[in-house]
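Here is a briefing on ring contacts in a protein chain.

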Amino acid sequence: MLKHRGFPGRMPSTDYQFTIRRANPKGATPLIARERYRDRRPPDRRADTAFMKALWEHFGDQPFERGNLDGGRLSWMFGREVLAAEENFDPESYEALLIIDEAKARAAFPEAFEDI
């Protein structure tokens, strides 16, 4: 499992996790497209924005390997702002390639791109 050095492990001053420390011996958590409802709590929304900001600052518009990025946190964006970057995508692989859909990400999380 690739560890993304320099990527924040969590949202500052919270317990919202962005990365995992070690690979799960049973396999990676499968990436699924989770529905984000309008009534999500404000702290959850801030965590999503902070995660998107970290993704954009670290990877930009280039494909990136899932590696040690938290599968649960990625699933909130998967299928919308974060897409599979390869034809034979395996949602249960730490080596799976992903890419940010910049237009959708900017529309969903404008605050994440303000200071960039």
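Arginine 40 lies over the face of tryptophan 76, at 4.0 Å from the ring centre. A charge counts as over a ring if NZ of Lys or CZ of Arg is within 6 Å of the ring centre and within 35 degrees of the ring normal. Arginine 34 also lies over the face of tryptophan 76, at 5.1 Å from the ring centre.

This is a predicted model, where local features need pLDDT of at least 70, side-chain atom pairs count only at pLDDT 80 or more, and totals for chains, interfaces and linings use all residues. Residues are numbered from 1 along each chain as its sequence is written, and side-chain values use heavy atoms, with hydrogens and water left out.

**Aromatic pairs**
- Rings of Phe, Tyr and Trp (its six-membered ring) pair if their centres lie within 6.5 Å; planes under 30 degrees apart are stacked, over 60 edge-to-face, the rest tilted.
- By this rule there are six aromatic pairs.
- Phenylalanine 7 and phenylalanine 51 have ring centres 6.0 Å apart and planes at 75 degrees, so this pair is edge-to-face.
- The pair links distant parts of the chain, 44 residues apart: phenylalanine 7 is in the segment before α1 (42-59), phenylalanine 51 in helix α1. Helices are DSSP runs (H or I, at least four residues), numbered from the N terminus.
- Phenylalanine 18 and phenylalanine 51 form a tilted pair, 5.1 Å centre to centre with 55 degrees between the planes.
- Ring pairs join Phe7, Phe18, Phe51, Phe59 and Phe64 into a cluster.

**Burial**
- Buried means under 20% relative accessible area (1.4 Å probe, protein chains only).
- Phenylalanine 7 is buried at 7%, and phenylalanine 51 at 0%.
- Phenylalanine 18 is buried too.

Technical notes
Helix = DSSP H or I, 4+ residues; strand = E, 2+ residues; numbered from the N terminus. Buried < 20%, exposed > 50% of the residue type's maximum accessible area, 1.4 Å probe, protein only.
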